[in-house]
Amino acid sequence: MRESRLKLTAGFTSLLIVSAMFIVPFLWLLRSSVMDLSQIFIMPPQWIPKPFHFENFKEALTVVPFGTFFKNTLIIVAGVLLGTVVSSTIAAFGFSRIKWKGRDMVFAILMSSMMLPGAVTLIPSFIGWKELGFYDTFYPLIVPAYFGGGMFNIFLLRQFYMSIPQDFDEAALVDGANYFQIYWRILLPLSRSAVIVVALFTFLASWNDFMGPLIYLKSDSRFTLALGLQMFQGSYNAQWDLLMAASTAVVLPCVLVFLIGQRFFLEGITLTGLKG
Amino acid sequence: MEISANTGKSVKTVARKSSKRERKALFYGLLFTAPAILGFIIYTLGPMIASLYLSLTDYNVFKDTTSFIGLDNYVKLFSGEDDLFYKSLGTTFYFVILRVPAVIIISFFLAILLNMNVKGRAIFRTIIYLPSIVPAVAASMIWLWLMNPDLGLLNMALNWLHLPTSNWLFGEGSVIPSIVLTTLWGIGGTVIIFLAGLSGIPKSYYEAIDVDGGGWYSKLRHITVPMLTPTIFFNTIMTIIGSFQVFSEAYILTQGGPNNKSLFFVFYLWRTAFRDTEMGYASALAWVLFIIIMIFTVFVFKTSKSWVHYEGEKQ
């Protein structure tokens with residue numbers, strides 16, 4: 001399609017303005033995180049700190065045990081990642097590569113759970129975990145990932161599996177392979193990029209989860225980064241320098257993971273078949 | 001005779017073989033999907049039924065007492081005895097009505113911009129997507145700071161432009177629009193879905209308009225919008241469902257304040273269940289929310305027949 005020069009210039013300029021608006025909060029976060037309070041309060045505001053106060057990070061991350069929060073978050077995220085990748089690929093295989101009676105109906109019923117507001121299942125799930133004695137442990141946050149790994153992920157992987165020609169399986173079955181071998185030897189290696197997409201989405205969702213840890217975790221020593229940051233805000237609410245340093249530390253891993261896996265994201269959305 | 005007998009025999013063998021194959025497929029199909037099906041029963045279906053039952057009791061998890069009270073919770077909700085119920089409902093509706101059109105319209109136009117063949121397109125895409133991966137807690141911290149009435153960047157900018165400043169999250173009138181604004185920063189996911197939709201529109205359609213001498217507006221009106229209606233539909237449903245359930249922002253930014261002006265429904269539900277430990281009553285709240293979201297979703301689905309255009313379908 002031809003796009004006139006004028007139109008491209010207008011588009012470029014608009015994007016420049018919008019991008020500036022999207023990036024300013026990040027800049028404001030970063031500059032506040034390396035200033036001391038007196039610098040923060042200077043009017044008109046300074047964008048480049050003079051001098052840089054990198055010790056804010058050290059202080060912010062030690063007054064509250066962020067190391068422990070970091071470790072807890074890692075344990076939960078790793079557990080959820082493993083469960084989700086294993087169980088969603090297996091389920092997607094069963095919903096796409098094996099033709100069994102009632103398959104599409106079962107899939108449709110399971111998909112309906114995506115529309116369900118989480119608030120409806122929240123209270124009984126909480127009561128269930130509490131009665132089983134798992135309140136204030138990581139189990140309620142990790143174990144569900146091993147049961148399907150979320151319908152969105154299954155849906156995404158199923159779309160991908162269905163785009164792979166079925167002939168592979170037929171040939172393998174004739175050669176005496178079983179379904180597990182087809183899953184392990186053929187489908188998994190072919191769907192590497194889709195699995196990476198699922199892993200990325202899962203990492204971010206688990207890292208960013210706030211309500212889950214808020215409800216199931218009680219002791220400070222078991223808090224995640226998200227909860228810890230919120231607690232930190234409660235006790236240091238006027239210490240904007242430290243608060244911004246702590247926030248930067250929570251945001252950074254997400255941004256890094258995103259930048260590394262970036263090219264897979266758009267691909268992932270395209271995979272879901274959500275094109276016109 | 002011989003031939004037909006033979007055929008009959010082989011048909012039987014084939015039938016037996018195929019039914020054996022079918023049974024094998026059913027067995028393995030169920031085996032592979034068993035964790036997901038179990039998960040659905042344990043984490044969705046079971047809790048849903050339990051929640052419906054709980055909503056008919058005055059269950060208190062910390063005191064561990066339960067008694068069946070029939071529809072009393074629902075009567076209390078709708079009789080007006082609990083004025084916070086209507087207040088939180090109104091607040092949430094206001095938020096949804098403000099946020100859903102804003103998200104859809106802005107992300108639609110951002111996607112169109114990002115789909116243009118401009119220099120640095122990849123960088124623009126990254127910048128606009130990036131905020132959507134920032135954890136809600138951290139994003140809320142950043143916005144609390146940006147919207148600080150005395151020292152925040154937003155009021156400084158307004159001052160500098162000689163415009164009236166705002167109390168943002170601390171003003172009764174401005175709190176909901178302010179929260180909408182903070183969530184617009186994380187619009188990237190919706191933009192990307194629109195982008196994927198845009199990439200599925202064949203270029204030849206636009207060329208046809210070029211040939212006809214049509215301009216920018218007629219392309220938007222006659223191709224882009226109609227071709228994107230399935231994506232608009234999907235994004236609208238997901239944004240409605242998400243907006244009704246806003247929680248983290250309310251919890252961190254305002255705790256429902258000032259003067260309960262940002263008492264979102266799910267925040268009120270959480271407070272009732274986990275702070276006041278009235279889990280029966282909170283379950284009734286959850287079911288009311290469920291039914292409201294269902295009504296909205298069904299409504300959008302019903303109207304979709306008249307405005308969503310699927311390719312390959314006869315008009």
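The legends below describe close-up views of a predicted model.

**View 1. The contact between chain A and chain B.** Chain A contributes 79 residues to this contact, and chain B contributes 85 residues. On the side of chain B that touches chain A, the largest share comes from helix α1 (residues 2-54) of chain B, with 21 residues. Sorted by class, this side of chain B holds 65 nonpolar, 15 polar and five charged residues.

**View 2. Packing of helix α1 of chain A with helix α5 of chain B.** Helix α1 (residues 5-33) of chain A packs with helix α5 (residues 136-146) of chain B at an angle of about 85°, and the axes of the two helices lie 10 Å apart. Angles of 65 to 115 degrees count as roughly perpendicular; α1(A) and α5(B) are therefore roughly perpendicular to each other. From α1(A), the contact is made by P25(A), W28(A), L29(A) and S32(A); from α5(B), it is made by I142(B), W145(B) and L146(B). The residues of this contact comprise six nonpolar and one polar, with no charged residue.

**View 3. Helix α8 of chain B and its buried residues.** Helix α8 (residues 188-199) of chain B has twelve residues, which at 1.5 Å a residue should span 16 Å. The buried residues in α8(B) are G188(B), T190(B), V191(B), I192(B), I193(B), F194(B), L195(B), A196(B) and G197(B).

Conventions
Residues numbered from 1 in each chain as written. Chains lettered and ligands numbered in written order. Predicted model: local features only at pLDDT ≥ 70, side-chain atom pairs only at ≥ 80, totals over all residues. Axes fitted to C-alpha atoms, helices over the stretch in contact; angles between N-to-C directions. Helix = DSSP H or I, 4+ residues; strand = E, 2+ residues; numbered from the N terminus. Parallel < 35°, antiparallel > 145°, perpendicular 65-115°, else oblique. Contact = placed C-beta atoms within 7 Å. Nonpolar A, V, L, I, M, F, W, Y, C, P; charged D, E, K, R; others polar. Expected span 1.5 Å × (residues − 1). Buried ≥ 20, exposed ≤ 12 C-beta atoms within 10 Å, placed from the backbone.
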